[in-house]
Amino acid sequence: MGRPVLKLNEKMVKKARELAREVTDEIQKFIDVRSTTSVERTVARFYGIDGVNAEGVPLPNVVVEDVQKGGGLDRGITYWLINACVAKNMTPQEVAESVGRGEFSLLDFPPQNESVVAGKIDELTKEALERLKQVKDKRDKMLEELGDPPQPYLYVIVATGNIYEDVVQAKAAVKEGADIIAVIRSTAQSLLDFVPYGPTTEGYGGTYATQENFRIMRKALDEAANEVGRYIRLTNYASGLCMPEISAMAAIEGLDFLLNDSMYGILFRNINMLRTFVDQYTSRLICAYSHITINTGEDNYIKTSDPIDRAHTVTTSQLINEQFALKSHMKPKYMGIGHAFEIDPDVENGFLYEIAHALLTRELFPDATPKYMPPTRHMTGDIFKGYAMNTMYNLVSILTGQSIQLLGMLTEAIHTPFLQDRYLAIENAKYVFNNAKSIGDEVVFKDDGFIQKRANEVLSNAVDLLEHVKEVGLIAAIEEGTFGDIARKRDEGKGADGVFVKGEDYYNPIFEMMEEELEEEEI
């Protein structure tokens, strides 16, 4: 499947990328010397800690809070946890359960034999990484045996709030033709500073992201994949106060995609900036190591600001997201750079604007797997017009060569999708994608025409904005309300108390080994 060429100003493209790299270089200096409570809980999960105590508090929270209260967290959870394992001759899970029962604190134990502790850390770290490699191998084997569907992948959501009902709806969608199932997360889970435990049946606006729910849905989709003879991808959200923990759970349970944006939590959930920047680095490191594709959230920016006047802020954010992902050692093919079809349908030549914007994203990131989002902002509940808008959206996608197609629902703005709404969305996309399959190979845009000029104009405006962001710094730019017309302060937001500066003896071998292996692959 080909696509038309925009003839972008290549000097401008190079300059934009250099500016985005310099902007994120400054933030990376903050990230490198800090950790968060969520990062440390992620380490605990990789060492096998799961479950809750008698009060229902997740054990990863229990052990990290224990060390934090004792004033030792600047050293990281790894040393304290494994030192206790050696002292008590217990597994990390047994230690965590004992701490959860109040039997002892991890800080109660004097330093154990240094070489024994180091050997135990090395053993458990290798076991943790080996588990992730086995999950990757299983995915690769299934993809090889069942085959990868052609792009754009058909991406649909399930959002009943009950994981068992989600399974029924997901399997039905797969039989109708869906390639990707996204389990929408329960409303406001991103603001919880813990991950709920076990299978859940009561979510509002979606289903809780828990490790058991991930396991249940992965098993169901593998069964469905074998029935239909093609691999089915599973998606959830790695955002909010537990961003890296959810990435770890997804890596352990074999999820394929995660919604993960470097600034979404700051702007749209008022989560502290430093917390978000540190957490997104760790989250993306795990995704890079586990070959999980991230989906960035630029579609949100043009839900709260004008999609034409502020189109350059989308491009600017895409370039920033790309640089943060590269710093996490992520390969471009695992970057699902986001954008959306959100122009008011009453705007003259709105379709041409949309082609220019969608193709700009595709051409700026030729090795990525862009995720294209459907119209939602101007869906009124008129199901006939909504269906027409979704058809136009599908046509732009096949013309511009998008990779991941979140299907629009004809009853958007009325209710959570019914089975029949999803069926019609899939039928619409299949019809347009088949009927116009080679349109991208046939179309040539007029030199200096509307689409060529518009794409270069957006790129030029993005370069101007990046120069400003570089001058003031990304943090100050966010304080100015640069993205999504939303302003946030650097020292405010939820989760600020969970960020800390690493001590001189901070040690986190799991992420160090991930970084080393990924750096070797880059050579």
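Start with the open space: the largest pocket holds about 1100 Å³. That volume is the space filled by probe spheres set on grid points, with points joined across faces, edges and corners. A pocket here is an open set of points on a 1 Å grid over the protein atoms alone, where a 1.4 Å probe fits, with protein on both sides within 12 Å along at least five of seven lines; lining residues have an atom within 4 Å of a point.

A word on ground rules: this is a predicted model, so local features need pLDDT of at least 70 and side-chain atom pairs count only at pLDDT 80 or more, while totals for chains, interfaces and linings use all residues. Residues are numbered from 1 along each chain as its sequence is written, and side-chain values use heavy atoms, leaving out hydrogens and water.

**Stop 1: the pocket lining.** Select I184, Y237, N300, K303 and M373, which lie nearest the pocket's centre among its 41 lining residues. Now colour strand 2 (153-158), helix 10 (264-269), helix 12 (301-304) and strand 9 (371-373), the elements that each give two or more residues to the lining. Helices (H or I, at least four residues) and strands (E, at least two) are DSSP runs, numbered from the N terminus. Helix 10 provides the largest share, four residues. By class, the lining has 18 nonpolar, 16 polar and seven charged residues; Ala, Val, Leu, Ile, Met, Phe, Trp, Tyr, Cys and Pro count as nonpolar, Asp, Glu, Lys and Arg as charged, and the others, Gly among them, as polar.

**Stop 2: the core.** Next, pick I181, F277, L474 and M514: of the 156 residues in the largest nonpolar core, these touch the most other members. Helix 11 (residues 273-290) gives this core its largest share, nine residues. Such a core is a set of buried Ala, Val, Leu, Ile, Met, Phe, Trp, Tyr and Cys residues joined through side-chain atoms within 4.5 Å. Buried means under 20% relative accessible area, exposed over 50%, partly exposed in between (1.4 Å probe, protein chains only). Zoom in on I181, whose contacts (heavy atoms within 4.5 Å) include V156, A170, L221 and R233, not counting residues up to four places away in sequence.

**Stop 3: the rings.** There are 10 aromatic pairs in the whole structure. Show Y79 and W80 for an edge-to-face example, 5.2 Å centre to centre with 70 degrees between the planes. Rings of Phe, Tyr and Trp (its six-membered ring) pair if their centres lie within 6.5 Å; planes under 30 degrees apart count as stacked, over 60 as edge-to-face and the rest as tilted. Y372 and Y393 have ring centres 4.8 Å apart and planes at 45 degrees, so this pair is tilted. It links distant parts of the chain, with Y372 in strand 9 and Y393 in helix 15 (residues 383-400), 21 residues apart. Y372 is buried at 0% relative accessible area, and Y393 is buried at 0% too.

Stop 4: Most residues other than glycine have a negative phi, and most peptide bonds are trans. Go to the bond from Q151 to P152, which is cis, with omega near 0 degrees. P152 sits in the loop between helix 6 (114-146) and strand 2. Finish at D448, with phi near 60 degrees, in the loop between helix 17 (439-442) and helix 18 (450-472). D448 counts as exposed at 59% relative accessibility.
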